[in-house]
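Please open the model in your viewer and keep the selection panel at hand.

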Amino acid sequence: MIRRLWALARKELRQLFASPIAYVVLTVYVALTGIYFFQHLVSYNQLLFVYQSEGLTAGGFDQGTVPSQINVLNEVFVPSADDFGLFLLVVLPLVTMRVFAEERANGTDELLLTSGLRPFEVALAKHGVTYFFVLLLLAGSAIYPAVVVLRAGLGFEHLVALYSGQLLYGCAVASIGLACSAFTSSQIVAAVLGYAIPFVLLDFAWLSNTVSESAAALLREVALLSHYGSFARGVIELRHVVYFAGITALGWLASVASLELSRAR
Amino acid sequence: MSAKIEAQRVGKRFGSVVALDSLSLEISAGEVFGLIGPNGAGKTTFIRILTGYWLASEGDVRVDGVSVTRQRFRVQARLGYACEQPKLYADHRVDTFLHFMAELRGLSGARLRGAVDLAVQRLGLEPVVRRHIGVLSKGFRQRVALAQAILHEPAVLVVDEPTVGLDPAQQIELRRILAGFKGQHTVILCTHQLHEAELLCDRVALLDAGRLAALATADEIKSGGSLEELFLAKVGSHHETAP
């Protein structure tokens, strides 16, 4: 089984990097995360400058005193993580839309599913390669935060927490996109659903005033953002890990179910 | 190395459309068996059920007694399938694709290389082995589809419309290749080319509207005239059924 999975994964990788989409997505994501991270860093430096500036002493600040909440974690890492998460939401459906839908549209799913491969193996290889691509995206964008962690003496654990969160969140979003791709032969439909579902799941704050307290609490638990924030503050909580792993597993199960259901059409 | 196939009252419905209606067939080990019929007769539906790609709405197909419904992976391990209008990875080179398919079939190392070399040789793919599938002619794409189907030396070889869209020279060449499979596998050949079925098959089943309209051996066909006459007698000349 491992050999078959590896063969299928290599085929997926070859197909992923045979199209320009993978390179465009990598470049755009790394560029955007770099620009926005730099912007937060510049803002933080300006804030530090303001607090430490002599000219502001008369305005009520104590010269040279920077409030404890103004730190690199709160001013750079937390807003950057929010931006990075949004960028992942924008770029990942561009990668996931093709994975199953193209196979179905070209009829090559018939080749795979009559060659003795189990549907769960097909889904496992396709999901695995997409998660690897998420890892590549994150690795490309980790350079700037890594430099800041080293220079600011923050502690490596903050970087690990931030990127663990992003990896879990990215895999969950990718898994939703892959499940959408598995249920259609149209890449456009897969992309639209791959955008719509994570965007709806992102945050239910807009609904909280119109539903009961208990329903609002439930919606908070379901929302992606509620589980994403703490990672940027350097905290890895098991319940958030379980939440993202659960969504990822559900996406994979939905992909397997779609392949099985297509037999009974 | 071949296998016996038994189809027992196999049916397939798509909503209210009956694509296959209680079809029963027995195909002996080593036989070259032809499936003919008009469009929408149920030929491809039967093949897709046999290969485990679709689930039968009723009935079952058994390969050497192994049920496709219950143990499709065991059946698929003994089966090679070259589908209609070959569905291949156009961005793969022929050799890369065959290596990939051989790996999916569980081959590795020297056995894999040997199987790929043999398939390339048997299908005459040497001139195009390093080319991308997307740039190949239809004839060579058909050969690649057949090559991947025989990599693991299957007991049953299922070939759906192998010569459709090919020029006469390619058709003749492909028929020669198909004739070479006789005696090595149980071959199920689904075709619109009546002449092809006459030339290659030991027995032919004529399907019409999802039902078995006629079943005849090569000798019976020859003694009764031709397959064309049988077709016209059973199906008619202006027949088309809904898919």
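Begin by selecting helix H2 (residues 20–52) and helix H6 (residues 119–141) of chain A, whose axes, taken as lines fitted to C-alpha atoms over the stretch in contact, come within 8 Å and cross at roughly 35 degrees, an angle given between N-to-C directions on a scale from 0 to 180 degrees. Next, show the side chains of Ala22(A), Leu26(A), Tyr29(A), Val30(A) and Thr33(A) on H2(A), which form the contact with Phe133(A), Leu136(A), Leu137(A), Gly140(A) and Ser141(A) on H6(A); contact here requires C-beta atoms, placed from the backbone, to lie within 7 Å.

This is a predicted model, in which local features need pLDDT of at least 70 and side-chain atom pairs count only at pLDDT 80 or more, while totals for chains, interfaces and linings use all residues. Residues are numbered from 1 along each chain as its sequence is written, and chains are lettered from A and ligands numbered from 1 in the order in which they are written.

Now display all of chain A, which has twelve helices and zero strands, these being DSSP runs (helices H or I, at least four residues; strands E, at least two) numbered from the N terminus. Its C-alpha trace spans about 80 × 45 × 30 Å along the principal axes.

Finally, select helix H12 (residues 238–261) of chain A, where 24 residues reach 34 Å from the first C-alpha to the last. Its buried residues (20 or more other C-beta atoms within 10 Å of their own, C-beta atoms being placed from the backbone) include Tyr243(A), Phe244(A) and Trp252(A), and the buried residues of H12(A) pack against H5, H6, H8 and H11 of chain A.

Technical notes. Two residues are in contact if their C-beta atoms, placed from the backbone, lie within 7 Å. The expected span of a helix is 1.5 Å times one less than its number of residues. A residue is buried if 20 or more other C-beta atoms lie within 10 Å of its own, exposed if 12 or fewer, and partly exposed in between; C-beta atoms are placed from the backbone.
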